[in-house]
Amino acid sequence: MRSERRKPYPFDQIEPKWQAIWEERQLFHAPNPGEKGFDLGKPKFYILDMFPYPSGAGLHVGHPEGYTATDIVARYKRMRGFNVLHPMGWDAFGLPAEQYAIKSGQHPAVTTRENVAKFKRQLKRIGFSYDWQREINTTDPLYYKWTQWIFLQIYNSWFDPETKRAEPISTYRGTDPDSVRLAYVADVPVNWCPELGTVLANEEVVDGKSEVGGFPVVRRPMRQWMLRITVYAERLLDELDKLDWPEGIKLLQRNWIGRSEGAEIDFKIDKGDQEIRVFTTRPDTLYGGTFLVLAPEHSLVDLIVTEEQWPAVREYRERTARKSELERVDLSKEKTGVFTGAYAINPGNNEKIPIWIADYVLVGYGTGAIGGVPAHDERDLEFAKKFDLTIVVVVQPTGDEPAIGFTGEGIAVNSPIINGLTSAEAKKKITAWLEERGLGKRAINYKLRDWLFSRQRYWGEPFPIIWKNGKHRSLGENELPVVPPSLDDYKPTGTGEPPLAKAKEWVRYSDKALRETNTMPQWAGSCWYYLRFCDPHNDRRFVGEEAERYWSGIGFQPMSHRQDANAAAGIVDLYVGGTEHAVLHLLYARFWHKVLFDLGYVSKPEPFQRLVNQGIILGEDNQKMSKSRGNIVNPDDVIDQYGADAFRCYEMFMGPLEQMKPWSMRGVEGVARFLARVWRLMMIENQAAEWELSPAVKDVDSTKAQQKILHATIKKVTQDIESLSFNTAISQMMIFVNAFTNVDAIPLSAMRAFLGLLNPFAPHTTSELWERLNAKFSDARGGITEQRWPTYDEQLLVEDETEVVIQINGKVRDRIKMPILATQEELKSAALSNPKIQDRIAGKTVRNVIVVPKKLVNIVV
RNA sequence: GCCGAUGUGGCGAAAUGGCAGACGCAACGGACUUAAAAUCCGUUGGGCCAUAACAGGCCCGUGCCGGUUCGAGUCCGGCCAUCGGCACCA
């Protein structure tokens with residue numbers, strides 16, 4: 001048993017005290033336009049954390065890393081006069097609650113409520129300055145009513161390729177609007193996970209296994225809801241340029257969208273009138289195309305297979321269909337395929353080439369068919385070697401590599417129309433040639449697939465859709481929210497039919513119409529939560545127009561800030577969260593936002609202007625924190641022992657925010673010591689062991705040196721918060737405190753300014769000290785959170801004298817004090833006449849002298 | 001395989017091309033104490049020389065090899081290692 005150790009300072013009393021005061025006074029509530037306390041003169045700042053999934057395990061120290069960073073910025077921005085939107089909520093639909101329900105029989109709503117309460121209590125203990133009046137929960141019918149409403153907007157829209165925008169479906173002039181809706185139903189090969197009893201999005205499948213649970217996933221065609229995100233591929237790609245995101249994350253999204261430029265070429269079938277369209281990025285290799293390969297699922301396969309090849313083709317297709325995603329993706333395996341018996345004509349040279357099917361060609365990419373160019377494509381080469389197909393070299397490498405297997409750019413050969421051209425020129429020319437003859441055209445392809453949007457689960461948003469005579473139709477807005485039925489049995493049916501189908505009463509919408517029984521994926525709620533935070537209690541609109549415009553920085557900003565605000569493409573000024581959402585949440589949210597933007601519901605084209613990813617916190621053993629390793633650190637334990645302020649400061653002091661770094665309890669202790677030193681700078685323990693204000697704190701002027709270090713600290717902390725370099729900001733404040741330790745008189749004004757700087761990091765301790773100062777001195781009014789951020793005077797930082805380094809051949813040999821204004825000549829002569837230097841250069845020729853004013857003199861001999 | 005990030009003391013880390021290791025941890029020594037804890041003060045990259053001691057001096061050092069530069073942790077080229085992402089995308 002640890003003996004009840006005396007606290008180095010009474011954080012256990014002051015932290016709950018200040019948390020209660022903040023809550024009671026609602027100090028961190030951000031008023032909306034029209035609300036009491038709203039100040040038109042303040043610019044807005046929207047700073048958002050990726051909201052958590054409230055799991056049963058509660059918070060671990062990784063969560064509050066990003067939250068602390070944003071909280072520091074939020075508190076700082078408030079002190080700089082911003083109206084700061086800093087909300088928190090719960091992304092609470094999803095598998096774990098449902099899995100738990102299956103095991104325990106407890107309704108997911110109950111577990112969700114308990115988990116949320118636990119998370120909220122833990123977050124409050126850390127002293128975050130969230131505007132809790134704006135708390136939202138994706139599983140609240142008042143919230144998901146609007147998730148369903150947005151789905152209806154998507155469902156009732158189409159993408160006009162002319163304007164490249166979403167438009168209401170009523171503007172569509174074609175015959176079958178259902179074929180162009182942004183939400184549609186399709187029979188698609190999906191990732192079916194038998195163990196979970198549900199289909200998964202491509203993004204939820206990792207190495208052929210489910211991301212959740214690691215269960216095997218197989219391909220299987222099913223009727224599913226899809227969202228037509230692919231029509232936005234171009235904009236999702238191009239508009240990344242406007243965002244202040246880490247380049248790495250932008251790159252991940254670019255790769256995920258996977259734009260590639262090339263041509264679509266039509267190959268006539270030898271005996272028959274069909275054509276096979278292939279996509280290629282290398283139209284310049286057309287003459288080297290010695291066979292075609294179709295994906296096994298390609299729709300033309302049925303039409304072209306010859307009688308004698310049927311059994312082999314059928315067998316191959318069945319085998320492919322049975323394969324799990326893992327088997328199919330396995331690269332180490334050999335290429336497989338079957339000849340269809342049919343031939344096509346290469347439009348370049350009119351040669352007859354065989355048509356094969358093989359599972360290395362994917363039905364979902366391009367046209368699901370390729371022209372095999374074995375000489376210049378690794379996969380085609382492997383395939384051609386295995387099945388003994390013709391190999392023709394059509395690109396000559398400019399270096400001395402072998403031509404067969406050369407996939408780079410070179411010079412076209414054996415290609416009558418383009419011989420002698422570079423690959424780039426050849427691409428252009430052959431594409432133009434094909435276009436003239438109606439044999440092909442320039443084409444752009446994206447790797448991005450449409451978003452598989454339905455799940456066979458209980459704990460998710462039901463679709464606001466009903467089925468009648470085999471056709472789907474949307475419910476009216478007045479029928480929202482569609483609330484899921486309560487069920488006794490949440491288990492997946494195992495057949496792929498969703499659990500909601502078990503609620504027979506609920507499913508029956510009317511005599512002739514049935515409800516859609518799929519639910520939305522977990523991503524749905526997080527696709528727009530940042531919008532709801534702007535106006536969380538609006539019951540007439542998903543977000544009020546005025547609130548949306550205000551928090552987007554439009555219309556209401558003071559003139560001085562208007563330009564900045566309008567330059568931003570995104571509504572959220574700073575968004576902090578983990579990298580794991582680089583291509584899932586962040587892409588889906590951008591997509592929804594763009595649809596809403598096109599339809600005129602939001603004023604900015606992007607959701608998140610600046611994105612920062614916090615690094616993962618490892619256990620003390622340098623391993624990823626996990627239950628099995630037993631290295632998980634619980635914030636509650638840390639706070640019990642060292643207090644919330646020490647916890648916050650340590651999270652920031654560990655190292656750069658974006659870096660992965662290990663936890664260290666010793667490190668927490670060090671930071672706790674720093675806070676205790678701050679405390680004792682102003683407080684002293686009396687005979688009765690009570691803390692009282694130290695008599696050393698006096699309303700006196702700072703010494704010159706103290707003034708200098710104060711202003712240097714203001715400057716550094718200000719700049720470091722702006723650049724999110726919290727670790728070095730804390731270092732500087734430690735230097736400040738060290739400088740004031742053991743001095744006789746502690747100047748009040750310096751302490752006031754310092755407490756302001758430290759407040760965003762350690763809000764409880766600084767609030768308490770501020771209040772204690774107020775009790776004795778009358779130089780300041782109000783609580784610390786109402787104070788303006790300290791400013792620094794550059795003049796006070798200027799030194800009269802500076803230490804100049806003297807180097808010989810780049811090596812430091814001596815240091816001299818020189819006036820700050822010393823000229824280059826003065827520095828040079830001072831260096832050369834320095835006795836130590838004279839000794840060293842005696843007898844040598846000085847060849848060059850480099851002088852860097854205020855810094856150094858380098859003598860080259 | 002392709003793409004990206006990272007590599008600095010015993011540890012977490014800091015350094016607009018200009019004194020490498022700020023700040024913190026740990027360790028060691030000292031003060032205070034009956035004692036310990038706490039606190040305060042000091043030392044602390046490695047090697048060598050020197051001295052009675054204090055002081056002082058020299059060399060090496062930011063994953064490895066090379067380059068640019070008066071000067072490189074920082075810029076350029078090549079490699080190695082670790083982590084992350086993508087992975088038959090035609």
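User: What separates the centres of domain 2 and domain 3, taken over C-alpha atoms?

Analyst: The separation is 34 Å. Domain bounds come from an automatic or database assignment. Here that assignment gives chain A domain 2 as 149–241 + 450–523 and domain 3 as 259–446; among the other domains are domain 4 (643–797) and domain 5 (799–860). The model is predicted: local features need pLDDT of at least 70 and side-chain atom pairs pLDDT 80 or more, while totals for chains, interfaces and linings use all residues. Residues are numbered from 1 along each chain as its sequence is written, chains are lettered from A and ligands numbered from 1 in the order written, and side-chain values use heavy atoms, without hydrogens and water.

User: Which residues come nearest to RNA strand B?

Analyst: A residue is near the strand if one of its heavy atoms lies within 4 Å of it. There are 54 residues around RNA strand B, and Lys-333, Lys-335, Tyr-365, Arg-379 and Arg-840 come nearest. The surface near RNA strand B has 23 nonpolar, 12 polar and 19 charged residues (Asp, Glu, Lys and Arg count as charged; Ala, Val, Leu, Ile, Met, Phe, Trp, Tyr, Cys and Pro as nonpolar; the others, Gly among them, as polar).

User: What is the crossing angle of helix H1 and helix H25?

Analyst: Axes are lines fitted to C-alpha atoms over the stretch in contact, with angles from 0 to 180 degrees between N-to-C directions. The axes of H1 (residues 11–25) and H25 (residues 763–776) cross at roughly 85° and come within 9 Å. The two helices are therefore roughly perpendicular (65 to 115 degrees).

User: Which residue pair is joined by a cis peptide bond?

Analyst: Most peptide bonds are trans. Leu-480 and Pro-481 are joined by a cis one, with omega about -5°. Pro-481 sits in the loop between strand S23 (471–474) and helix H13 (504–507).

Definitions and conventions:
Helices (H or I, at least four residues) and strands (E, at least two) are DSSP runs, numbered from the N terminus. Angles under 35 degrees count as roughly parallel, over 145 as roughly antiparallel, 65 to 115 as roughly perpendicular and the rest as oblique.
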